[in-house]
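Reader: I have a structure open that I have not looked at before. Can you walk me through it?

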Amino acid sequence: MIQLYGHDLSGNSYKAKLMLSLLDLDYEWIKVDLLKGAHKQPDFLALNPFGQVPVLVDGDIVLADAQAILVYLARQYGGDQWLPLEALPLAQVIRWLSTTAGEVRQGPESARLYHLFKVTNLDLERTQQKSTFILTQLNTHLADRDWLELGHPTIADVAVFPYVALAPDGKIDLAPYPHLLAWIDRIKHLPKFIGMAGIEAPVPA
């Protein structure tokens, strides 16, 4: 069975959990207690020398990094719907994985670290500016489309979604971004969607 090592409050761990759920894959969740430094212990460092969650284990395959895990799961179990192989649509999807590791990390993710986890060695003003920039860009991009690319959900949406939806944890108001809020709601209504602390799953009708 697939194993996923992560932490319940980690947005990167959550995006891997969300992808596993959307693909309806069985897996074992193994909590890594970051507060107790479990990610710095030899047994975990043997899985990921970077000492970061999440880590996916699938048979003999050990894979770290949330974006890499999304790519693996999509191609191994999801196919072209989640990550196409044709050059242009592949590039269009991968572009958003880069955005996730860049602008989203520097903006909403860093603001959440500052306010929720008290990581105060961050430049809060710069973080707020980065948040406004990327949320405005996403809101504009989504003004005339339901999904980030290709007209249907892909790993681009799964990658960007968590830390954007968790922006209120970083004291960022999403109300000025109606198209972004509508996209968040669409993701929440995907079959097999699961939530986490700060991202409530919709109540079944």
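Predicted model: local features only at pLDDT ≥ 70, side-chain atom pairs only at ≥ 80, totals over all residues.

Reader: ok, which residues of H5 are buried?

Author: Thr127, Ser131, Ile134, Leu135, Leu138, Asn139 and His141. They cover an arc of only 155° around the axis, so they sit on the same side of H5.

Reader: and what is exposed on the other side of H5?

Author: Glu125 and Thr140 are exposed there.

Reader: what covers the buried residues of H5?

Author: The cover includes H4, H6 and H7.

Reader: what does Asp123 do at the start of H5?

Author: One of its side-chain oxygens comes to within 3.2 Å of the backbone nitrogen of Glu125.

Reader: Let's go past H5. Where is Ala143, and is it buried or partly exposed?

Author: Ala143 is in the loop between H5 and H6. It counts as partly exposed because its relative accessible area is 44%, and buried would mean under 20% while exposed would mean over 50%.

Reader: how many Å apart are Ala143 and Gly198?

Author: Their C-alpha atoms are 25 Å apart in space, and the two residues are 55 apart in sequence.

Reader: New topic, the largest nonpolar core. How many residues does it have?

Author: That core has 51 residues. Leu73, Ile155, Phe161, Val164, Leu180 and Trp183 have the most contacts inside it.

Reader: you listed Phe161. What does Phe161 touch?

Author: Not counting residues up to four places away in sequence, Phe161 touches Tyr14, Leu18, Trp183, Ile184, Ile187, Lys188, Phe193 and Ile199.

Reader: Val55, then. Which residues of strand E3 are buried?

Author: In E3, residues 55-58, both faces are covered. Val55 and Val57 are buried on one side, and Leu56 and Asp58 are buried on the other.

Reader: in what sense do E1 and E3 pair?

Author: Antiparallel, over three bridges. Tyr5 has Val55 as its bridge partner in E3.

Reader: how many bridges join E3 to E4?

Author: Four, and E3 and E4 (residues 61-64) run antiparallel. Asp58 has Ile61 as its bridge partner in E4. The hairpin of E3 and E4 has two residues between the strands, and Gly59 takes a positive phi near 65° there.

Reader: Last one. I clicked on Arg105. Which helix does it lie in?

Author: Arg105 lies in helix H4. With a relative accessible area of 42%, Arg105 is partly exposed.

Reader: what is Arg105 in contact with?

Author: Leaving aside neighbours within four places in sequence, Arg105 is in contact with Thr100 and Ser110. The side chains of Arg105 and Glu109 are also joined by a polar contact of 2.9 Å.

Reader: and how many Å separate Arg105 and Gly79?

Author: Their C-alpha atoms are separated by 27 Å, and the residues are 26 apart along the chain.

Key. Residues numbered from 1 in each chain as written. Heavy atoms only, no water. Core = buried A, V, L, I, M, F, W, Y, C linked by side-chain atoms within 4.5 Å. Buried < 20%, exposed > 50% of the residue type's maximum accessible area, 1.4 Å probe, protein only. Contact = heavy atoms within 4.5 Å. Polar contact = N/O pair within 3.5 Å; in protein donor to acceptor, adjacent residues only side chain to side chain. Arc of directions from axis to C-beta. Pairing = 2+ DSSP bridges.
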